[in-house]
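Subject: Structure for you to look at

Hello,

Here is the structure we spoke about. Please open it next to this email and follow the notes as you read.

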Amino acid sequence: MLKKVDVVIIGASASGLMCAIEAGKRKRKVLVLDHANKAGKKILMSGGGRCNFTNYDVSAENYISHNPHFCKSALSRFTQWDFIAMVGDYKIPYHERSHGQLFCDDSAKDILNMLLDECKAVSVEIKLKTNIKSVAKADNGRFIIISDTEKISAESLVIATGGLSIPKIGATPFGYQIAEQFGHHVYPTYAGLVPFTLQPGDKEKLSPLSGIAVEAVVKNDRQSFREAILFTHRGLSGPVILQMSSYWHPGEAVEINLLPDVDLFEFLLQKQKEGSQQRVKSVLATLLPQRLIAALVDEGIMDKSFQDTPHAHFKQVASQLQKWRVSPNGTEGYRTAEVTLGGVDCNELSSKTMQSNKIAGLYFVGEVMDVTGWLGGYNFQWSWSSGWCAGQCV
Ligand SMILES: Cc1cc2nc3c(=O)[nH]c(=O)nc-3n(C[C@H](O)[C@H](O)[C@H](O)COP(=O)(O)OP(=O)(O)OC[C@H]3O[C@@H](n4cnc5c(N)ncnc54)[C@H](O)[C@@H]3O)c2cc1C
């Protein structure tokens, strides 16, 4: 039997549920399909279980896309303030962390439950554990979606299947395949917001530092971030590395300043002028963890007394700690990445409605599109904004 609805949304997570709520408010008959056994799994695991659901400061500069202007319209039509108001209506307790990031006080479940309650209030039907076998457009302009349990006809089809990160909770390339099936261009995809792995030599040298975290500036020719760097037994992580990974090209080096608030060369010269009798090692240990210094600074210099150290060696130490160049071996990939860079080409979509410029009634929302946010709640904000915009039109 053919089931008829107005809107089928594939993907029951951030962007799909937001789109469903808005379409439901317009009295559209909405069916959301997902192959997972639970809606919103990524919401639940986000922000360490507390969901960094948006940011006080959102602008197009916080997003990476081949079309950097595309996101502006949606972000201005459904803003962070609109989502914060929704969270407020549900009396969900939240707090601000550094850089304007907003997290739930209690649990990411609060955000998911809010979205599911909103769906229920406007009679959105959500069917989980549903595998999509095929999608086609019939001569009458409607979409025919065949799942493992039914055949559905819909006027609008929304692809909200996200990116490729964390395959073990159900990420698939489905959205990209559908885009290509309907003649859309898809930019190559890469893992983003992901830890770096190290070349064997660096790994051996740095893995004993596992657990150390310090504030650092990490940069390449195109971008610079200042946040914590975390040394792990697999490589380099922490927010500053995750941010940088989205701007990193394989083979390229990044430059790390482990003492962003100090002019180290000047500091060391000053100490010498003051007649310090300490060893270089002891002075550096007042600035950074000793194990970190031991791994990065030449042993010969470390043991010298201040008065015996030539200025060239101070220069060398400053360079080793403040212009430390690392060429990552790669990243940890989709297994641990928070997002996928690349995806459905925005130039073939309406920035107001997310509708395809090629196929009437076909929409893409959320991470499947070539719009990737920084760490800090920007990716969810993109899902809310793009899902909301499509929801006004589907
Ligand atoms: C560990 C982790 C932590 C994160 N923390 C944050 C954070 O704190 N703040 C932030 O802003 N962003 C965070 N992100 C990113 C954020 O989760 C995503 O950008 C966001 O969930 C994208 O929403 P989406 O609806 O587009 O896709 P998703 O949330 O990925 O949802 C896609 C849905 O489609 C379904 N699906 C996929 N393939 C198929 C198929 N073939 N058939 C049927 N259904 C399918 C999936 O089961 C899933 O339910 C985090 C990501 C990860 C991995």
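Which residues are closest to the ligand, and how many residues surround it? The ligand is surrounded by 29 residues, and the closest are Ser-13, Ser-15, Asp-34, Thr-172 and Glu-367. A residue is near a molecule or strand if one of its heavy atoms lies within 4 Å of it.

Before the details, two notes on how the values were made. This is a predicted model, in which local features need pLDDT of at least 70 and side-chain atom pairs count only at pLDDT 80 or more, while totals for chains, interfaces and linings use all residues. Residues are numbered from 1 along each chain as its sequence is written, and side-chain values use heavy atoms, with hydrogens and water left out.

The ligand

A polar side-chain atom of Ser-15 lies 2.8 Å from an oxygen atom of the ligand. Backbone atoms also take part: a polar one of Phe-380 is 2.8 Å from an oxygen atom of the ligand, and a polar one of Gly-377 is 3.5 Å from an oxygen atom of the ligand. Taken alone, the ligand exposes 990 Å², and the protein buries 93% of that. Accessible areas come from the Shrake-Rupley method with a 1.4 Å probe; for residues, only the protein chains shown count as cover. Helix H1 (14-25), helix H2 (41-45) and helix H14 (378-391) are the elements that give two or more residues to the shell around the ligand. H14 gives the most, with four residues. Helices (H or I, at least four residues) and strands (E, at least two) are DSSP runs, numbered from the N terminus.

The chain as a whole

The chain has 14 helices and 21 strands. Its C-alpha atoms fill a box of roughly 85 × 40 × 35 Å, taken along the principal axes. Of its 394 residues, 57% count as buried. Buried means under 20% relative accessible area, exposed over 50%, and partly exposed in between (1.4 Å probe, protein chains only). The chain exposes about 16700 Å², and carbon and sulfur atoms supply 50% of it.

The core

The largest nonpolar core has 127 residues, and Ile-111, Leu-258 and Trp-384 have the most contacts inside it. Such a core is a set of buried Ala, Val, Leu, Ile, Met, Phe, Trp, Tyr and Cys residues joined through side-chain atoms within 4.5 Å. Leaving aside neighbours within four places in sequence, Ile-111 is in contact (heavy atoms within 4.5 Å) with residues including Phe-53, Cys-104 and Trp-384.

Strand S3 (residues 52-55) pairs with S6 in the antiparallel sense over three bridges; two strands pair if DSSP finds at least two bridges between them. Phe-103 in S6 is the bridge partner of Asn-52. Strand S5 (residues 94-96) and S6 run antiparallel and are joined by three bridges, with Glu-96 opposite Leu-102. The hairpin of S5 and S6 has four residues between the strands, and His-99 takes a positive phi near 60 degrees there.

An open sheet

Seven strands form an open sheet in the order S17-S16-S13-S14-S15-S12-S18, with antiparallel pairing. Strand S17 (324-326) and strand S18 (330-331) are the edge strands, and each pairs on one side only.

Is Asn-220 buried or exposed? Asn-220 is buried, with a relative accessible area of 11%. Asn-220 is found in the loop between strand S13 (213-219) and strand S14 (224-231). Its side chain reaches the backbone nitrogen of Arg-222 at 2.9 Å and makes a polar contact with the side chain of Glu-252 (3.2 Å). A polar contact is a pair of N or O atoms within 3.5 Å; within protein, one must be able to donate a hydrogen and the other to accept it, and residues adjacent in sequence count only if both atoms are side-chain atoms.

Asp-6 is found in strand S1 (residues 2-10). A polar atom of the Asp-6 side chain lies 2.8 Å from the backbone nitrogen of Lys-29.

Regards
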